[in-house]
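Subject: Structure for you, with notes

Hi there,

Here is the structure I promised to send over. Please have it open while you read, as my notes follow below.

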Amino acid sequence: MKAVYFDRHGGPEVLMLGDLPAPAIGPGLVRIAVRAASVNHIDIFLRRGLPGIKIELPHIPGCDASGVVSEVGEGVTGLKTGDRVLMNPSLTCGKCEFCQRGDVSMCIRFRLVGEHTNGTQCEQIVLPAENAIPFPDSLSFEDAASVPLVFVTAWRMLITRGRLRAGEDVLIHGAAAGVGIACIQIAKVAGARVLAVASSEEKLELCRSLGADVLLHGEKEDVVRRVRELTGRRGVDVVVDYVGKATWQKSLQCLSRGGRLVTCGATTGYNPEEDLRHVFYRQLEVIGSTMGSRNELMAPLKLIFEGRMRPVVGAVYDLADTAEAHRRMEARQSLGKIVIKVS
């Protein structure tokens, strides 16, 4: 099969397009002919090389995909060849204490497609049947491929872990990126007021179109001062910060007493400075979140299928141009998700 892969770490130039063996199918598995796959920050990090994470080379990047079921393994029910499906990228053991209580993203054997296994930027993938989710014809393959990782992450972070409630204020850093786009829409469905931070007027306009109530230009405005003005010096109830080092201290300062800072990543660095007095004196919560369960994916998918939320695709590249897609993400040039059209 045709696949994008790298056999050494480095910049986008290490990505190659070539022929690799197609994955084997077995009982309980389905083969999917990939139509589209999206690009996420984890693809960039893995391509560059992450300390402490060793991946088998050559490696195919990509955590999200949509396509058509082309083969079903023995014992598979509920799916048939020709079904249009998107994928849940989480692979879990189903047996450990965390899986048994429903916290599958804490599974002691948790694996992410595209990180711990070969990924989706290729012509064929093989998955457990329960990871293939049918989607309606109203959604394009490109839109469907842009959804799973960011929407399951946003739902668990805001709703399950962050306990966002109607009437609360939520500040979202990087609001025009994939997770931010999902967070805006989920927060509005939950009944919260959304303060969106982005780095350009064009990105802020996208946030406005998705329902953000307050737009803050992170490059031109003093976000902490503006948040205090907008909330009568109270601060917001929840801050979403997956930017990390560049915004962390500001995030703590923007919170109300008893506020919650939720994070699922650190795209600008994982070692920020932190004044712990903000945490203990104002009794703040710092809450980590990673991926989510099938139910935490199905909840936003239902709203998307009903037309109450929508994926945002900012750019589509052919498989042969995957390196350019990586460059676009690294340059922070895209409004919305970057998607690779495979076939």
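Which residues in α4 meet which residues in α10? On the α4 side they are Pro 148, Phe 151, Val 152, Trp 155, Arg 156 and Thr 160. Their partners in α10 are Glu 296, Leu 297, Ala 299, Pro 300, Leu 303 and Ile 304. Before I go further, please keep in mind that this is a predicted model.

The axes of α4 and α10, the latter covering residues 294-305, come within 8 Å and cross at roughly 110 degrees. An angle from 65 to 115 degrees counts as roughly perpendicular, so α4 is roughly perpendicular to α10.

Helix α4 itself runs over residues 148-161. With 14 residues at 1.5 Å a residue, α4 should span 20 Å, and the 18 Å between its end C-alpha atoms agrees with that. Because 11 of its 14 residues are buried, α4 is largely enclosed by the rest of the structure. If you want to find the buried ones, they are Pro 148, Leu 149, Val 150, Phe 151, Val 152, Thr 153, Ala 154, Trp 155, Arg 156, Met 157 and Leu 158. After the helix comes Arg 163, which has a positive phi, near 55 degrees.

The largest nonpolar core is made up of 99 residues, and Leu 158, Val 170, Ile 184 and Val 240 have the most contacts inside it. Helix α4 provides the largest share of this core, with eight residues. There is also a second, separate core of 17 residues, with Leu 195, Val 214, Val 279 and Leu 284 among them. As general background, nonpolar side chains in soluble globular proteins tend to be buried together.

Leu 158 is worth a click: setting aside neighbours within four places in sequence, Leu 158 is in contact with Arg 163, Leu 164, Val 170, Cys 183, Ile 186, Ala 187, Val 238 and Val 240.

**Arg 47 and helix α1**

Is Arg 47 buried or exposed? Arg 47 sits in helix α1, residues 41-48, and its relative accessibility is 1%, so Arg 47 counts as buried. Its side chain reaches the backbone oxygen of Gly 11 at 3.3 Å. Beyond four places in sequence, the contacts of Arg 47 include Phe 6, Arg 8, His 9, Pro 12, His 326 and Glu 330.

The axes of α1 and α11 (residues 322-330) come within 10 Å, crossing at roughly 105 degrees, so α1 is roughly perpendicular to α11.

**Two more residues to look at**

Val 339 is in strand β17, residues 337-341, and is buried, with a relative accessible area of 0%. Val 339 lies 21 residues from Asp 318 in sequence, while their C-alpha atoms are 8.6 Å apart in space. Its contacts beyond four places in sequence include Ala 36, Ser 38, Glu 142, Val 313 and Tyr 317.

Arg 228, in helix α7 (residues 223-230), is partly exposed, with a relative accessible area of 33%. Leaving aside neighbours within four places in sequence, Arg 228 is in contact with Arg 233 and Gln 253. Arg 228 and Ser 256 are 28 residues apart in sequence and 9.4 Å apart from C-alpha to C-alpha.

Note on methods. Residues numbered from 1 in each chain as written. Predicted model: local features only at pLDDT ≥ 70, side-chain atom pairs only at ≥ 80, totals over all residues. Heavy atoms only, no water. Helix = DSSP H or I, 4+ residues; strand = E, 2+ residues; numbered from the N terminus. Buried < 20%, exposed > 50% of the residue type's maximum accessible area, 1.4 Å probe, protein only. Polar contact = N/O pair within 3.5 Å; in protein donor to acceptor, adjacent residues only side chain to side chain. Contact = heavy atoms within 4.5 Å. Expected span 1.5 Å × (residues − 1). Core = buried A, V, L, I, M, F, W, Y, C linked by side-chain atoms within 4.5 Å. Axes fitted to C-alpha atoms, helices over the stretch in contact; angles between N-to-C directions. Parallel < 35°, antiparallel > 145°, perpendicular 65-115°, else oblique.
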